[in-house]
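Hi everyone, thanks for making time.

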Amino acid sequence: MTKRRDAGSFEEAMMRIVKLLGATQAAEIVNLSPKTIRDYSDPARAGRPRLAEAVKLDMACLEKAGEAPLFDAYLKSLADIVPEPAGTPQFGGDGQDPGLNLASQRKATHTLN
């Protein structure tokens, strides 16, 4: 039976990593067992990758497929809690980017082509 994973969740991101890299290769990248990698994708199990592991897994996915599933999930989780500022310009008066506008990331995808 296939378990339901919420769209944009860390569990869904880990499932994407398993599909892109395979559980064995992903496990080798972060010095864990393939079972632990699969467990990270299971919403019924406790535990998620540490930040250093997430970065390594996303880097491997970027190299292989041009995407960073855990980074995307992280941005989505932040964007979901950051309110859309009313009337906030994307750029400051000097034309410089004021920084990451998390609210605008709600529908953005972070893939490299």
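This is a predicted model: local features need pLDDT of at least 70, side-chain atom pairs count only at pLDDT 80 or more; totals for chains, interfaces and linings use all residues.

Residues are numbered from 1 along each chain as its sequence is written, and side-chain values use heavy atoms, with hydrogens and water left out.

So, the second largest pocket. A pocket here is an open set of points on a 1 Å grid over the protein atoms alone, where a 1.4 Å probe fits, with protein on both sides within 12 Å along at least five of seven lines; lining residues have an atom within 4 Å of a point. What classes line the second largest pocket? Nine residues are nonpolar, three are charged and none are polar. Among the lining residues are Phe10, Arg48, Arg50, Asp58 and Tyr74. Helix α4 gives the most, with five residues. Helices here are DSSP runs (H or I, at least four residues), numbered from the N terminus.

Now for the helix packing. Axes are lines fitted to C-alpha atoms over the stretch in contact, and angles run from 0 to 180 degrees between N-to-C directions. Helix α1, residues 10–21, packs on α2, residues 23–30, at about 105°, with axes 7 Å apart. That makes the two roughly perpendicular, a label for 65 to 115 degrees; under 35 is roughly parallel, over 145 roughly antiparallel, and the rest oblique. Ile17, Val18 and Leu21 of α1 meet Ala23, Gln25, Ala26 and Ile29 of α2, where contact means heavy atoms within 4.5 Å. Six of those residues are nonpolar, one is polar and none are charged.

What does α2 meet in α4? Gln25, Ala26, Ile29 and Val30 of α2 touch Glu53, Lys56, Leu57, Ala60 and Lys64 of α4. By class, that's five nonpolar, one polar and three charged. The axes of α2 and α4 come within 9 Å and cross at roughly 130°, so the pair is oblique.

Last up, α4 with α5: the axes come within 7 Å and cross at roughly 120°, so these two are oblique as well. Ala54, Leu57, Asp58 and Cys61 of α4 contact Pro69, Leu70 and Phe71 of α5. Six are nonpolar, one is charged and none are polar.

Notes
Ala, Val, Leu, Ile, Met, Phe, Trp, Tyr, Cys and Pro count as nonpolar, Asp, Glu, Lys and Arg as charged, and the others, Gly among them, as polar.
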